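Please keep the sequence and the structure in view while reading.

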Amino acid sequence: NLIQEKMYVGGTFLLAREHILVAAPIDAFDPENNQRLEEKMVEEGYFPDGALLFHQHSPEFPHAKYTVGFSSTGGPLFYINIQDNIEAHGPRHIDNEGDVEGDPVFAEVVEGFEVIQRILALPRNEDDSLNTRVQIVDTYVVESDAK
């Protein structure tokens, strides 16, 4: 629903690391837009306690290259896997009873790979944050028969 309801439109890409490209409904360059984005998330009920409330990892949706996942904090921050990240973001045992936790994968990038490469090539700060504003101008779901 976050994609279909355009909750990320106006958000920005925040970090470009070797293995992930991070984005969120956050605007570090425009405080007014950032406030609007936060209010929209709260108003729509996507931000009940400061994060989205799901952490389910499924082996059916591994962290393969160009898949999209929520961090273990539960979002709304998300990342695009730039490489196979199953080891870094996939299932982890969290207790002696065999319970497994991992970052959930919820989408896959199917077009716009050249845009991802252009973002990754931008200058960044020492902490890998982008020092150029890269705004999300639209989001949409492509229906697929796969998975």
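Four aromatic pairs turn up in a search of the whole structure, which is a predicted model. One aromatic cluster is made up of Y8, F70, F78 and F106. The structure also holds three salt bridges, and a patch of negative charge lies on the surface.

**Aromatic pairs**

- Y8 and F78 form an edge-to-face pair, because their ring planes stand at 80°, with the centres 4.9 Å apart; planes over 60 degrees apart count as edge-to-face.
- This pair links distant parts of the chain: Y8 belongs to the segment before β1 (12–16), F78 to strand β4 (residues 78–81), and the two are 70 residues apart.
- Y8 is buried, because its relative accessibility is 2% and the limit for buried is under 20%.
- F78 is buried as well, at a relative accessible area of 9%.
- F78 also pairs with F106, again edge-to-face, with 6.4 Å from centre to centre and 85° between the planes.
- F78 is in strand β4 and F106 in strand β7 (residues 105–108), so this pair ties together parts that lie 28 residues apart in sequence.
- F106 has a relative accessibility of 34% and therefore counts as partly exposed.

**Negative surface patch**

- The patch of negative charge on the surface gathers E5, E38, E39, E43 and E44.
- Among them, E39 has its place in helix α1 (residues 31–43).

**Salt bridge K6–D138**

- Side chains of opposite charge can pair when their charged atoms come close.
- K6 and D138 form a salt bridge in which the closest N and O atoms are 2.7 Å apart.
- K6 sits in the segment before β1 and D138 in the segment after α3 (113–120), so the bridge ties together parts 132 residues apart in sequence.
- K6 is partly exposed, with a relative accessible area of 31%.
- D138 also counts as partly exposed, at 44% relative accessibility.

**Salt bridge R17–D128**

- R17 forms a salt bridge with D128, and the closest N and O atoms are 3.3 Å apart.
- Distant parts of the chain are linked here: R17 lies in the loop between β1 and β2 (20–24), D128 in the segment after α3, 111 residues apart.
- R17 is partly exposed at a relative accessible area of 32%, and D128 is partly exposed at 23%.

**Salt bridge D27–R133**

- D27 and R133 meet through their side chains in a salt bridge, at 2.4 Å from N to O.
- The pair links distant parts of the chain, with D27 in the loop between β2 and α1 and R133 in the segment after α3, 106 residues apart.
- D27 counts as buried because its relative accessibility is 2%, whereas R133 is partly exposed at 34%.

Key:
Residues are numbered from 1 along each chain as its sequence is written. Side-chain values use heavy atoms; hydrogens and water are left out. Rings of Phe, Tyr and Trp (its six-membered ring) pair if their centres lie within 6.5 Å; planes under 30 degrees apart count as stacked, over 60 as edge-to-face and the rest as tilted. Helices (H or I, at least four residues) and strands (E, at least two) are DSSP runs, numbered from the N terminus. Buried means under 20% relative accessible area, exposed over 50%, partly exposed in between (1.4 Å probe, protein chains only). Patches are made of residues with over 30% relative accessible area and no salt bridge: like charges are joined within 9 Å, nonpolar side chains (Val, Leu, Ile, Met, Phe, Trp, Tyr) within 5 Å. Accessible areas come from the Shrake-Rupley method with a 1.4 Å probe; for residues, only the protein chains shown count as cover. A salt bridge is a side-chain nitrogen of Lys or Arg within 4 Å of a carboxyl oxygen of Asp or Glu. Lys and Arg count as positive and Asp and Glu as negative; His and the chain ends are not counted. The place of a charge is taken as NZ of Lys, CZ of Arg, CG of Asp or CD of Glu.
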